[in-house]
Amino acid sequence: MKGAYEILHGEIDLTCSDFFKQIWIFKAPSKILAHVRLATLWIIWGQRNEIVFNGGQCCKLKMMEMIKMRSWQWNKARLKGFHFSLYDWSHNVRSVMQQNG
């Protein structure tokens with residue numbers, strides 16, 4: 001059985017995303033960063049399963065949107081004071097990091 005790297009290699013380059021660059025550049029608080037990391041692993045694993053078991057295809061843009069959504073949901077549910085909208089989280093993550101830093 002192929003692993004996620006073998007299936008997704010060449011299809012996804014998470015380091016090129018502005019969202020991820022801004023999270024890393026602004027040194028997100030560890031709990032926010034943990035939720036982003038977990039959401040990333042969760043979405044990649046789910047995409048891998050979709051490809052392996054259902055013959056699905058990888059869509060990098062869809063995966064990025066799913067990672068943003070899932071990490072925002074987890075941050076919103078678990079972090080007191082995380083009051084940002086999904087739009088801000090997705091498009092203005094720099095200001096979110098500055099306010100939460």
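Student: Why does Cys-59 count as partly exposed?

Tutor: In this predicted model, Cys-59 has a relative accessibility of 36%. Buried means under 20% and exposed means over 50%, with partly exposed in between, so Cys-59 is partly exposed.

Student: Why does Cys-58 count as buried?

Tutor: Cys-58 has a relative accessibility of 18%. The limit for buried is under 20%, and Cys-58 therefore counts as buried.

Student: How do you know how many disulfides the structure holds?

Tutor: The structure holds zero disulfides. Cys-58 is in no disulfide, and its nearest cysteine sulfur, that of Cys-59, is 7.1 Å away. A disulfide needs a pair of cysteine sulfur atoms within 2.5 Å, so the sulfur of Cys-59, at 7.1 Å from that of Cys-58, is too far for a bond.

Student: What makes the pairing of Lys-68 with Glu-65 a salt bridge?

Tutor: The closest N and O atoms of Lys-68 and Glu-65 are 3.6 Å apart. The criterion is a side-chain nitrogen of Lys or Arg within 4 Å of a carboxyl oxygen of Asp or Glu, so the pair qualifies as a salt bridge. The structure holds one salt bridge. In general, side chains of opposite charge can pair when their charged atoms come close.

Student: What makes Ser-71 a buried residue?

Tutor: Ser-71, found in helix 4, has a relative accessible area of 0%. That value is under 20%, so Ser-71 is buried. Leaving aside neighbours within four places in sequence, Ser-71 is in contact with Phe-19, His-35, Val-36, Ala-39 and Trp-89. Among the buried residues of helix 3 are His-35, Val-36 and Ala-39.

Student: Why is Ser-85 not called buried?

Tutor: Ser-85 has a relative accessible area of 33%. This falls between 20% and 50%, so Ser-85 is partly exposed. Ser-85 is placed in the loop between helix 4 and helix 5 (86-91). Ser-85 and Val-96 are eleven residues apart in sequence, and their C-alpha atoms are 9.7 Å apart in space.

Student: How do you know that the span of helix 3 is close to the expected one?

Tutor: Helix 3 (residues 30-54) has 25 residues and reaches 35 Å from its first C-alpha to its last. Just after helix 3, Gly-55 takes a positive phi of about 70°.

Student: Where in the protein chain is confidence lowest, and where is it highest?

Tutor: Confidence is lowest in helix 1 (residues 4-8), at a mean of 51, and highest in helix 4, at 92. The protein chain averages a pLDDT of 80, and 77% of the residues score at least 70.

Notes:
Residues are numbered from 1 along each chain as its sequence is written. Side-chain values use heavy atoms; hydrogens and water are left out. Helices (H or I, at least four residues) and strands (E, at least two) are DSSP runs, numbered from the N terminus. The expected span of a helix is 1.5 Å times one less than its number of residues. Buried means under 20% relative accessible area, exposed over 50%, partly exposed in between (1.4 Å probe, protein chains only). pLDDT is the predictor's confidence in each residue, from 0 to 100. Contact means heavy atoms within 4.5 Å.
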